[in-house]
Amino acid sequence: MTLPVFLADLDAVLAGTDPAPLPGPGETVTVTGPEARHAVGVRRLVGGDELVLADGRGGAVRCTVRETAGRDTMILTVDETLAPTVRNPRVTVVQAIPKSERAELAVDLACQGGADTVVPWQAERCIARWTGAKRDKALAKWRSAAVAAAKQSRRSDVPLIPALADSADIERLIGDTVAAGGEAVLLHEESSVPFGSVNWADAGEVVLVIGPEGGISPAEVDRFTAAGARSVRLGPEVLRTATAALSALSAIGVSSSRW
């Protein structure tokens, strides 16, 4: 069984800022707060147990627990620096905001599927709306869901969750990605182009645009395809917006060196 993963700088990951550098082999580090509380109180780790301490950006070190103190402190010795996480292609999921009960599920499944970034998108047909103070609260929930899913998936990197994007932001993202030689696709049920027709193995960067429950509007389709995105159909069934990313990421995984 793979070792459990804990974050060295949880606050930085949740805030979307750069975490502090990880310690090197032979160094000792003390972990406190929620991560140590989970390790000691929930996972019941004790002296001699091993774990992975990650920075949430792909860097990680394998550690041995030297000792624990109380319920929220553990002292670790760093045994080795692990190879950084590298995925090719890197995938950015543009996720139209689902209804509240499915929003965190969408992030969780995208993270399990290996998304590198998940961009919350306020599409025209989104039922949910992030306005005012709700915007910061919703973004915090997405980032917390990404942290939990990354740890469960034994990822040393947590998907980046940037600020809420509008369609102009997505149009620029598509244009920049395609101009740099990457691939951008819209998952669209009315498209006649199969998802499998895309050469995923040669795309260094991929942008997947996933619409809301009501689908991507015709104006958004025109706008994004004009920017360079391709409209493709992901299989014969119409998937829920919360599960589409995982299905697409799995298909890319078997069609590239990701898997």
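Predicted model: local features only at pLDDT ≥ 70, side-chain atom pairs only at ≥ 80, totals over all residues.

Residues are numbered from 1 along each chain as its sequence is written, and side-chain values use heavy atoms, with hydrogens and water left out.

**Stop 1: the open sheet.** Switch to cartoon. Helices (H or I, at least four residues) and strands (E, at least two) are DSSP runs, numbered from the N terminus. Two strands pair if DSSP finds at least two bridges between them. Look for the open sheet of 5 strands, ordered S1-S3-S4-S5-S2 with mixed pairing. Its edges are S1 (5-7) and S2 (28-32), each pairing on one side only. On average, neighbouring strands here are turned by 45° against each other, direction ignored (axes are lines fitted to C-alpha atoms, for helices over the stretch in contact, and angles run from 0 to 180 degrees between N-to-C directions). Now select 50-54: that's S3, running parallel to S1 and joined to it by 3 bridges. Pick Leu-7 and you'll find its bridge partner in S3, Ala-54.

**Stop 2: helix H4.** Select 133-152. This helix has 20 residues and reaches 29 Å from first C-alpha to last, close to the 28 Å expected at 1.5 Å a residue (the expected span is 1.5 Å times one less than the number of residues). Buried means under 20% relative accessible area, exposed over 50%, partly exposed in between (1.4 Å probe, protein chains only). Among the buried residues of H4 are Leu-139, Trp-142, Arg-143 and Lys-151. The buried residues of H4 contact (heavy atoms within 4.5 Å) S1, H1 (10-15), H2 (34-42), S6 (90-96), H3 (100-113) and S7. Following H4 comes Arg-154, with a positive phi near 60°.

**Stop 3: helix H6.** Which residues of H6 are buried? Select Glu-220, Val-221 and Phe-224 to see them. Viewed down the axis of H6, its buried residues fall within an arc of 100°, so they line one face of the helix (the arc is that of the directions from the helix axis to the C-beta atoms). On the face turned away from the buried side sit the exposed Pro-218, Asp-222 and Ala-226. The buried residues of H6 pack against S7 (117-121), H5, S8 (183-187) and S9 (205-210). Just after H6, Gly-228 has a positive phi of about 120°.

**Stop 4: salt bridges.** A salt bridge is a side-chain nitrogen of Lys or Arg within 4 Å of a carboxyl oxygen of Asp or Glu, and the count comes to 14. Next, Arg-223 and Glu-171 meet at 2.7 Å, N to O. This pair links distant parts of the chain, H6 (residues 218-226) and H5, 52 residues apart. Arg-223 is partly exposed at 34% relative accessible area, and Glu-171 is partly exposed at 29%.

Finish with one network: salt bridges that share partners join Arg-87, Arg-90, Asp-116, Arg-155, Asp-157, Glu-205 and Arg-258. Zoom in on Arg-155 and Asp-157, whose closest N and O atoms are 3.0 Å apart; both residues are buried.
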